[in-house]
Amino acid sequence: MKIQIESLQDDFLGQLITPNDPGYDAGRQVWNGEIQRHPSLIARCHGTADVAAAVRFCRDAAHDFTVRGGGHAVAGHAVADGAVLIDLSAMTGTYVDPAARTITAQGGCLNEHVDRESQKHGLGMTGGFVSHTGIGGLVLGGGIGHLMRKFGLSIDALVSCEVVTADGSIVTASAEENPDLFWGLRGGGGNFGIVTNFTFALQPLGPTIYGGLMLWPAAEAPSVLATMRDFLAEAPDEVGIVGNLRLAPPLPIVPEEFHGKPVVGLVATYVGDVSEGERAFAPITQLGNPLVTGYRPQPYVAIQKIVNAAVPHGRHYYWKSHKIGEFNNQVITTLCDHLEKITSPMSSVPIFNFGGAVGRVPEDATAFPHRDAACDINIVGSWLPEQAGDAERHKAWVRGLFDDLAPNSRGVYVNFTSDDAADRVKAAYTAEQWARLTTLKSAFDPDNVFRHNANIPPG
Ligand code: FAD
């Protein structure tokens, strides 16, 4: 359907890109290359006023629309066929107030924008594990990252949001203003409006911290994973660990005879003095016969990019995920069994360990449930675009591990839902949270215009 953009043009400073314009094909791409959809218009916003104008334009003309932050939702929520794409990707400005220790970041920022600017002042906050992920979707779903055991989730640092609501108004959400909306934005995703500015509290961090990557052969995976669990049970909040199971990539740091062989990795961070970090991680660095020993003092921003190359834009991805209540021996055995059956050298199984500050925030304070879970396990299937014929085989491996982990599941992190049915989104919340979220949705978006997301319907 051809769209009449004249009424928007007069009230829009950014770029309006139609299907015939240069830049349209690049502009409709999201992180997951398997998603190929064709919006009717890309409205690349310059600032809050453009976002408000775009929402009003869509409402007045009854156009379906999507919202794009960093474009990383694996299900491709940021783009839909025939819909207007309200694109925040040019809204990446930040402002750090070093005295107040806050950062205000526009809604299209990526993790790397927030980290780069706050680290200039020796400050930081919990951002995601991959620097090219958008903070828009990441924060609104909760925000898990290397620093969470010390600083809590990204939402725990959130001070206020500037929000464009379903009728195109601009409101503030904070503990003082619109507190109900502020509660829902901290875990309820993009269901209530478009956040054009986030303000976060920052903490002293680095810039150099102790951490990095270690890898062990699959034969040692059971003991590495059990040690990780037991170590974390006693570890201080400063310690963060992400486990990862995959086939070893053909990198110079990995001994050649292990290229393409199953391995287990642990990415470590220590938020504090580097020599204390080195001491704290001794039980891990002395473990077994590692293939890669990369723990050392290094910039936090470098650690935050360790995984980047493993999850590039444009490859095809399919994932399913569980929050795991208890990381018991059954979970470890299941993971190790399925590591041996992995079908693609690009697939992986990251294990994001909770604990520390995450679990100390009361469950009803935000819309992020199961803060006492042990970890989140994301099963990431990945293959090259030219291997699309193999997609079903790789997806079957993802589903197989997902099904076998189900007995230990404690719901799901909403940002790791994918093509799941609507009841999977419901499983991302407690019954109390779901009731409160659907009531909030009725108040702020009764027509469900913000529906291309992990959708919470009006109650
Ligand atoms: P988009 O696809 O642009 O947006 C996702 C959803 O959020 C859409 O529904 C969109 O409409 C909405 N949205 C985006 N921005 C806004 C905004 N400003 N206002 C309102 N709604 C908005 N999650 C973690 O917590 N920690 C991680 O370490 C982590 N690592 C990841 C690594 C990779 C490689 C990928 C692909 C994902 C990762 N995730 C992680 C999951 C991530 O949080 C979600 O995919 C999230 O949706 C990404 O946000 P985005 O803005 O990039 O995505």
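User: How many bridges join β2 to β4, and do they run parallel or antiparallel?
Analyst: Four bridges join strand β2 (residues 41–44) to strand β4 (residues 84–87), and the two run parallel; strands here are DSSP runs marked E of at least two residues, helices are runs marked H or I of at least four, and both are numbered from the N terminus. Two strands count as paired if DSSP finds at least two bridges between them. Within this pair, A43 stands opposite I86 in β4.

User: Before we go on, where do these values come from?
Analyst: This is a predicted model, in which local features need pLDDT of at least 70 and side-chain atom pairs count only at pLDDT 80 or more, while totals for chains, interfaces and linings use all residues. Residues are numbered from 1 along each chain as its sequence is written, and side-chain values use heavy atoms, with hydrogens and water left out.

User: OK, what order do the strands have in the open sheet?
Analyst: The open sheet has four strands in the order β1-β2-β4-β3, with mixed pairing. Because β1 (15–17) and β3 (65–68) stand at the edges with a single partner strand each, one side of each is left without a neighbour in the sheet.

User: Which strands does helix α3 touch?
Analyst: Helix α3 (residues 48–60) packs on the sheet and touches β2, β3 and β4, where contact means heavy atoms within 4.5 Å. The direction of α3 makes about 165° with that of β4; axes are lines fitted to C-alpha atoms, for helices over the stretch in contact, and angles run from 0 to 180 degrees between N-to-C directions.

User: Switching topic, which residues of α4 are buried?
Analyst: In helix α4 (residues 111–119) the buried residues are N111, V114, D115, S118 and Q119, with buried meaning under 20% relative accessible area, exposed over 50% and partly exposed in between (1.4 Å probe, protein chains only). They cover an arc of only 110° around the axis, which puts them on the same side of α4; the arc is that of the directions from the helix axis to the C-beta atoms.

User: And what covers them?
Analyst: The cover over the buried residues of α4 includes β5 (94–97), β6 (102–106), β7 (123–124), α5 (135–141) and α11 (300–303).

User: What about N408, is it buried or exposed?
Analyst: N408 is buried, with a relative accessible area of 14%, although N408 lies in the loop between α13 (391–405) and α14 (422–426). Not counting residues up to four places away in sequence, N408 touches K323, I324, G325, E326, N328, Q330 and V331.
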